[in-house]
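Please read it alongside the sequence and the structure shown here.

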Amino acid sequence: MIELQHVSKTYTGRAAPVTALSDVSLRVETGEFVAIVGASGSGKSTLLQILGCLDAPTTGRYVLDGTPVQGLDDAELSHLRNRRVGFVFQSFNLLPRATAIENVELPLLYANGAAPDASAAPLLLERVGVAHRARHYPAELSGGEQQRVAIARALVMSPSLLLADEPTGNLDAATGAQVLQLIHDLNDDGLTVVLVTHDPAVAAQADRRITLANGRIA
Amino acid sequence: MRLGTLARLSWRAMSRSRVRTILSGMGLVIGVLAITITVATGEGARRAVRGSFKAMFGSIDVLFVQPGGPAQRGMSTAADAVTTLTPDDAAAITAQVSGIREVGLAQDASKIVAEANGQNTTTSLWGVTANWRSLHGDSVASGSYFQDTDARVAVLGSGVAASLRASVGQRVRLSGIDFDVVGVLAPNGAGPGGISLDNIVYIPLGTASRRVFNKTSLNLIDVALAKPDAWQETQGAVERVVRARHALAPGQIDDFRVIAPRAMLARMESVDSGLARTLWWVGALGLGLGGVIVAVLAVTAALQRRHEIATCRACGATRRDILLQFWAESVCTATAAAVLGALLGVGVTALGATMMRANLAIDWPVTLGAVLATTLVGVIAGYVPARRAASVDPAIVLREAAP
């Protein structure tokens with residue numbers, strides 16, 4: 001279960017401060033499949049990064065699985081990302097000089113010994129249907145295969161929350177549908193899924209849709 | 001992150017970006033290679049000097065006392081004309097100077113005609129005490145060395161034995177006197193300037209002084225040092241004893257001289273060390289430049305791999321993990337470059353030593369030192385780029401357009 005209370009995020013760069021999120025309160029139950037929709041620049045990605053402990057809210061409160069996130073230092077936030085959260089990105093974000101299996105094993109490097117047993121990564125590659133490509137580099141894989149590898153990587157530490165940022169945005173319709181089906185299957189197994197999309201057809205498949213506009217929940 | 005994981009990740013990164021790794025480490029490879037070879041050249045020269053001293057004197061841990069002081073020097077025959085150095089001087093040195101292991105006495109003459117088996121040759125003839133062989137480090141190839149005796153026995157240098165086709169049990173004629181050959185020495189090879197160290201005949205000192213040279217004065221006293229590092233003190237003590245025996249008043253110049261091979265060696269090595277210092281600076285400069293190359297390419301890598309860094313951070317890498325990962329990569333690149341440079345250096349040295357018969361000798365402590373110094377260069381050069389990599393904000397990078 002995750003809960004945001006009155007969360008705001010303001011970026012202070014060299015230019016004028018930009019408010020990406022203002023007063024967002026949100027609650028996602030364990031096992032839920034939530035889609036966050038909105039135009040580009042509406043604050044979707046910022047919200048996802050705060051949920052994934054990549055970015056800290058400027059104000060407000062965020063509780064992830066009972067753990068209050070504000071005030072945690074870099075090591076503690078990294079620990080949460082490692083254990084509780086799996087990220088899936090629009091552009092897959094696989095390490096180009098690591099094989100599929102090495103990409104899946106990436107979070108294990110940062111798990112400090114608390115990693116699952118050695119068979120976890122191969123089993124997950126099998127689960128997402130790309131076991132036969134384990135020794136291939138990302139450049140040798142199709143888009144759909146790359147996103148499946150990325151999903152396996154997101155799952156390798158058995159997180160409670162899957163955060164997907166336009167996971168089908170770089171895939172053709174048929175492949176995108178397959179990847180989405182895979183995410184559905186994972187959700188059916190109890191994984192909480194928060195998915196960012198601007199595609200209404202994708203959003204329609206979620207249990208619940210949250211629409212953002214100008215940093216606020218519409 | 002564990003050390004093994006870091007090493008594995010570094011190896012993976014290095015082996016999968018080969019061009020970058022090679023470019024990055026090239027400067028350091030050349031630096032270590034240069035150091036190894038230049039030091040090998042210097043060390044080889046030093047060993048060659050020591051080696052020729054050894055071949056000439058048997059050991060560098062000796063003092064030579066010769067008759068004839070600074071005023072009497074000049075002509076090569078001066079030593080023959082001066083008769084002031086005597087066996088009693090040698091006895092006094094033995095009795096009164098501490099730090100001495102052994103004292104050998106010698107008379108010598110060059111251009112002595114030796115005849116045997118219908119052959120003849122010109123050789124130098126030395127009348128020596130029986131301990132001369134061990135003092136000089138000679139080894140007997142056949143037969144044996146003589147004892148202190150008045151007998152007409154001779155030990156031939158290998159060159160003389162070969163010229164005369166003489167062997168143990170035969171008779172040779174030296175300066176018109178017959179001698180029984182009791183031993184033949186093993187070859188010593190060439191000394192400084194290519195002169196043969198084997199064209200020599202040894203006979204007992206008693207025989208030489210009574211039957212050949214007809215004099216008791218010595219041409220050489222060979223003092224073996226018990227404490228080689230204290231050679232200067234021993235030299236002073238020897239000079240005092242001989243001056244006292246020769247009744248030289250203060251201010252009066254010596255009528256003998258003491259030669260210390262160690263002093264000659266020290267002079268040669270001090271010339272060497274000026275060159276060595278220059279080479280050190282060249283090597284240090286090379287490693288410094290190599291370090292700059294490592295640092296520049298590591299900064300470039302940190303910038304180019306921002307998306308990879310952000311992805312690792314999203315997967316749970318702490319800033320410290322990223323710092324260590326990038327740092328380890330620089331250190332491993334530098335270390336690998338250093339080891340490669342050292343291996344190449346050792347290889348080139350070995351090849352040069354065998355193919356060109358050059359005087360080269362690997363200085364292992366320096367080679368190891370160069371490798372460690374290069375690793376240190378990697379540690380220093382890699383730190384700032386690693387800090388840079390660690391400071392990449394994953395939130396900003398992941399919001400950017402995909403790579």
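Two strands pair if DSSP finds at least two bridges between them, and the strands themselves (E, at least two residues), like the helices (H or I, at least four), are DSSP runs numbered from the N terminus. This is a predicted model, in which local features need pLDDT of at least 70 and side-chain atom pairs count only at pLDDT 80 or more, while totals for chains, interfaces and linings use all residues. Residues are numbered from 1 along each chain as its sequence is written, and chains are lettered from A and ligands numbered from 1 in the order in which they are written.

**Strand pairing in chain B**

In chain B, strand S9 (residues 220-225) has pairings with two strands that can be described in turn. Strand S2 (residues 100-116) of chain B and S9(B) pair in the antiparallel sense over six bridges, and within that pairing B:Val103 has B:Val223 of S9(B) as its bridge partner. Strand S1 (residues 62-67) of chain B is likewise antiparallel to S9(B), to which four bridges join it, and here B:Phe64 is partnered by B:Asp222 in S9(B). Strand S9(B) is mostly covered, with five of its six residues buried; a residue counts as buried if 20 or more other C-beta atoms, placed from the backbone, lie within 10 Å of its own, as exposed if 12 or fewer do, and as partly exposed in between.

**The sheets of chain A**

Chain A contains seven helices and ten strands, and 50% of its 218 residues count as buried. Strands S7 (residues 161-165) and S8 (residues 192-197) of chain A run parallel and are joined by five bridges, A:Leu163 having A:Val194 in S8(A) as its bridge partner.

An open sheet of four strands in chain A has antiparallel pairing and the order S2-S1-S4-S5. Its edges are taken by strand S2 (18-28) and strand S5 (67-68) of chain A, each with a single partner strand, so one side of each is left without a neighbour in the sheet. Strand S4 (residues 59-64) of chain A pairs with S5(A) over two bridges in the antiparallel sense, and A:Val63 stands opposite A:Pro68 in S5(A).

The axes are lines fitted to C-alpha atoms, for helices over the stretch in contact, and the angles run from 0 to 180 degrees between N-to-C directions.

**Helix packing**

| Helix pair | Angle | Axis separation |
|---|---|---|
| H2(B), residues 18-57, and H11(B) | about 40° | 7 Å |
| H3(A), residues 100-109, and H5(A) | about 30° | 7 Å |

Helices H2(B) and H11(B) are therefore oblique to each other, and H2(B) passes H11(B) in a right-handed crossing. The residues of their contact divide into 16 nonpolar, nine polar and no charged, where Ala, Val, Leu, Ile, Met, Phe, Trp, Tyr, Cys and Pro count as nonpolar, Asp, Glu, Lys and Arg as charged, and the others, Gly among them, as polar. B:Leu344 is found in helix H11 of chain B, and B:Leu344 is partly exposed, with 16 other C-beta atoms within 10 Å. The C-alpha atoms of B:Leu344 and B:Ile37 are separated by 9.2 Å, although these residues are 307 residues apart along the chain.

Helices H3(A) and H5(A) are therefore roughly parallel to each other; angles under 35 degrees count as roughly parallel, over 145 as roughly antiparallel, 65 to 115 as roughly perpendicular and the rest as oblique. A:Ala100, A:Asn103, A:Val104, A:Leu106 and A:Pro107 in H3(A) meet A:Val149, A:Ala152 and A:Arg153 in H5(A). By class, this contact has six nonpolar, one polar and one charged residues.

**Contact between the chains**

In chain B, 21 residues are in contact with 22 residues of chain A, contact meaning that the C-beta atoms of two residues, placed from the backbone, lie within 7 Å. The elements that give two or more residues to this side of chain B are helix H1 (3-16), helix H10 (306-314), helix H11 (319-355) and helix H13 (394-399) of chain B. H10(B) supplies the largest share, five residues.

How values were computed. Left-handed = near helix turned anticlockwise from the far one by under 90°.
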